Amino acid sequence: MRNRKLVMIPGPTPVVRSIQDQMGRETVAFGDSNFIKDFKELVEDLKTLWKTEGEVFVVAGTGTMAMEMGIANTLKSGDNLLIVSNGFFGDRFIDLAERKGINVDVISSEWGKIVPVKDIEAKLSEKKYAAMTVTHVDTSTGVCAPIKEIGEIMKKFPETMYIVDGVCATAAEPEYVDDMNIDILITGSQKAFGVAPGLAIVWAGPKAMERRKELGRISEYYIDFDKWLPIMNDPSKYFATPAVNMIWALKESVRIIKEEGIENRYERHRKNARAMQAALEAIGFTLLAEKEHRAVTLSNVLYMDGINDLEFRKVLGEEGVVVAGGLAAYAGKMFRLGHMGNIDIHDMVSTIAAIERALYKSGIEVELGKGVGALMAELLK
């Protein structure tokens, strides 16, 4: 039994030492001048890197809270919302919206496929929608939606807010708020940023901020943009206590992103993902997502005959790697492997080698080293 396990689930993702060190700093008062400076720099960096003339909100919470924040500040009871769902987490918007009295229409894809852009455009043409949600990467399927192409068609529907759930995509898949006509982009700290869970991050483009003004007073309190905007503009002000050490951790993550270069980061994720996926297929697995729409942040791996899900993941854990199980109809039929954030080649080689050993120990015929060889061949191209 190994003492250290690689947590290769779709989030939380491994946290590198420099980010851990920021989380372990001695906590200061939220009014501390150095913390105020750090918070303000973080907010400006997030707006610059994700290219918006609007605002960004960094609030203690989860990705699900970010989803609710995006909905609450752009829609009111009686509005029409179109939900484009590529899986389990796309469907989460349904319950969230219906609780607010929002009229919901859903256009869904078969798991493993995207909703075609032409179908989205046709649906938007049927009636006036106040907003549309799209999950950039749905962790239940490993499918990556073409958010840039969808953003292009949104030019034809200027009254419809374009809300993108980037929880399992942001900082790994290309996302530029204003350039892609995105009005709301939401994410959390624990995925491709490589920070521990605890922060919700919401970008609101200029059109979204105008919509917030039009709504007037909303029923929500903690997640109201109007409560947080003064703090994002001037962190010396107070509304609710900021997560001081988590802000520092995210700032360190953003420093790493800036040092790497965000476009280089996107390319690294693409290359690493294609290598991991080539390795998994070389071993004999099939991936759920169609090849042309596979995410770079995770792979959803269908089991070959003869594998018991719980037993396999138990053996894999003993070999030093933790992965997640499948969801809904795919529970017990696949595992979900994250490969995002600040993982490196050592993590990837160790993961593929552990999968090969777990298969061998589970009685599945496997050529040890074949997956690792395929991984390295792809990385060295």
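Two rings of Phe, Tyr or Trp, the last taken by its six-membered ring, are a pair if their centres lie within 6.5 Å. By this criterion, the structure, which is a predicted model, holds 16 aromatic pairs. In one of them, Trp 111 and Tyr 330, the ring centres are 5.8 Å apart and the planes meet at 10°, so the pair is stacked. Planes under 30 degrees apart count as stacked. Trp 111 is located in the loop between β4 and α5, and Tyr 330 in the loop between β14 (324-325) and β15 (334-338); the pair therefore ties together parts that are 219 residues apart in sequence. Tyr 330 is partly exposed, its relative accessible area being 22%.

A further pair is made by Tyr 176 and Tyr 266, whose ring centres are 6.1 Å apart; because their planes stand at 70°, the arrangement is edge-to-face. Tyr 176 belongs to the loop between β8 (161-165) and β9 (184-188), whereas Tyr 266 is part of helix α10 (residues 262-283), so this pair ties together parts that are 90 residues apart in sequence. Both Tyr 176 and Tyr 266 are buried. Tyr 176 also has a charged neighbour: Lys 51 lies over the face of its ring, at 4.3 Å from the ring centre. Elsewhere, one aromatic cluster is formed by Tyr 221, Tyr 222, Trp 228 and Phe 239.

Helix α5 spans residues 117-124, and its residues Val 117, Ile 120 and Leu 124 are buried. These residues lie on the same side of α5, because they cover an arc of only 60° around the axis. The elements that cover the buried residues of α5 include the strands β3 (80-85), β4 (103-108) and β5 (131-135), together with helix α6 (147-153).

An open sheet is formed by four strands in the order β11-β12-β15-β14, with antiparallel pairing. Its edge strands are β11 (286-287) and β14, each of which pairs on one side only. Strand β11 is joined by two bridges to β12 (residues 298-302), and these two strands run antiparallel. Within this pairing, Leu 287 is placed opposite Val 301 of β12.

A disulfide is a covalent bond between the sulfur atoms of two cysteines. The search of the whole structure finds zero disulfides. Cys 144 is in no disulfide, and its nearest cysteine sulfur, belonging to Cys 168, is 9.9 Å away. Since a disulfide requires sulfur atoms within 2.5 Å, Cys 168 is likewise in no disulfide, the nearest cysteine sulfur being that of Cys 144 at 9.9 Å. Cys 144 is buried, with a relative accessible area of 11%. Cys 168 is also buried, and its relative accessible area is 1%.

Asp 226 is found in helix α8 (residues 225-233). With a relative accessibility of 44%, Asp 226 counts as partly exposed. Asp 226 and Ala 282 are 56 residues apart along the chain, and their C-alpha atoms are separated by 52 Å.

Notes:
Residues numbered from 1 in each chain as written. Predicted model: local features only at pLDDT ≥ 70, side-chain atom pairs only at ≥ 80, totals over all residues. Heavy atoms only, no water. Buried < 20%, exposed > 50% of the residue type's maximum accessible area, 1.4 Å probe, protein only. Arc of directions from axis to C-beta. Contact = heavy atoms within 4.5 Å. Phe/Tyr/Trp six-rings, centres within 6.5 Å; stacked < 30°, edge-to-face > 60°. Lys NZ or Arg CZ within 6 Å of the ring centre and 35° of its normal. Pairing = 2+ DSSP bridges.
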